[in-house]
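Trainee: Hello! Could you show me how to read contacts and charges in a protein model?
Mentor: Gladly, let us look together.
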Amino acid sequence: ESGGEVVVVPNVAAVVLRSPDRDALLMQRRDKPGEAVRGRIELPGGRWRAGEPPDAAVEREVAEETGVTLLAVSGAIGEVRFGERVACRVAHPVAVVNGVDGAYPSLHVVFECVGIGEPRDVPGETSDARWWPLDAVEDQLENEPESFVWQTRAMLGVWLGGRRMSKTQR
């Protein structure tokens, strides 16, 4: 809260691809004890710290949760300067808002990335971190959508929708 008003908490999330060929996607299961979504599939991500550039937040969260190193964060991240001061950093990600109905209010800013390394679990935080073949993610979304954290379903739906659209436009 801020001055008695509930504020939206900014989060970053990452659609991490194993290669630019988009053959596999980094996914994990939520493993925090007591959470209603424990055991569900999600994208790596978390809270965006004040003063932290968006690309640095994404890199930190992915490394903390999975051990994967990001090679690239897409989204045309750059600085906009006014005089000698850096006024803001600009990115072009996907955004998903949670808590519209009064629940925990959060904004998930989603970046597409390329990462390297073998994923590892963080007990009490994440489990089953691994590279999923993209076809398997799409199949799971279609046939067992409830197996995903709902924000992840929304994020992947938008991302995959854009991916399908770009395939048909080629």
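Mentor: We start with an idea we will need: a polar contact is a pair of N or O atoms within 3.5 Å. Please keep in mind that this is a predicted model.

Trainee: Which polar atom lies 2.9 Å from the side chain of R60?
Mentor: The backbone oxygen of R47 lies 2.9 Å from a polar atom of the R60 side chain. You will find R60 in helix α1, residues 54-66.

Trainee: Is R60 buried or exposed?
Mentor: Buried means under 20% relative accessible area. R60 has 13% relative accessibility, so R60 counts as buried.

Trainee: What about charged side chains?
Mentor: Side chains of opposite charge can pair when their charged atoms come close. Here the structure holds 12 salt bridges.

Trainee: Which residue meets D128 in a salt bridge?
Mentor: R29 does, with 3.2 Å from N to O. D128 sits in strand β10 and R29 in strand β2, so this pair ties together parts that are 99 residues apart in sequence. D128 is partly exposed at 28% relative accessibility, and R29 is partly exposed at 24%.

Trainee: How should I read the salt bridge of D31 and R38?
Mentor: Look at the distance, then at the cover. Their side chains meet at 3.1 Å, N to O. D31 counts as buried, with 16% relative accessibility, whereas R38 is partly exposed at 43%.

Trainee: Where do E64 and R49 lie?
Mentor: E64 is in helix α1, and R49 is in the loop between β4 (45-47) and α1, 15 residues apart. Their side chains form a salt bridge of 3.7 Å, N to O. Salt bridges that share partners also join R49, E52, R60, E61 and E64 into one network.

Trainee: Which residues gather in a patch of negative charge on the surface?
Mentor: They are D135, D139, E142, E144 and E146. Take D135 as one of them: D135 lies in helix α2, residues 134-143, and is exposed with a relative accessible area of 56%.

Trainee: How far apart in space are P20 and G115?
Mentor: Their C-alpha atoms are 9.4 Å apart, while 95 residues separate P20 and G115 in sequence. P20 belongs to the loop between β1 (9-17) and β2 (24-30), and P20 counts as exposed at 68% relative accessibility.

Methods. Residues are numbered from 1 along each chain as its sequence is written. This is a predicted model: local features need pLDDT of at least 70, side-chain atom pairs count only at pLDDT 80 or more; totals for chains, interfaces and linings use all residues. Side-chain values use heavy atoms; hydrogens and water are left out. Patches are made of residues with over 30% relative accessible area and no salt bridge: like charges are joined within 9 Å, nonpolar side chains (Val, Leu, Ile, Met, Phe, Trp, Tyr) within 5 Å. Accessible areas come from the Shrake-Rupley method with a 1.4 Å probe; for residues, only the protein chains shown count as cover. A salt bridge is a side-chain nitrogen of Lys or Arg within 4 Å of a carboxyl oxygen of Asp or Glu. Lys and Arg count as positive and Asp and Glu as negative; His and the chain ends are not counted. The place of a charge is taken as NZ of Lys, CZ of Arg, CG of Asp or CD of Glu. Helices (H or I, at least four residues) and strands (E, at least two) are DSSP runs, numbered from the N terminus. Buried means under 20% relative accessible area, exposed over 50%, partly exposed in between (1.4 Å probe, protein chains only). A polar contact is a pair of N or O atoms within 3.5 Å; within protein, one must be able to donate a hydrogen and the other to accept it, and residues adjacent in sequence count only if both atoms are side-chain atoms.
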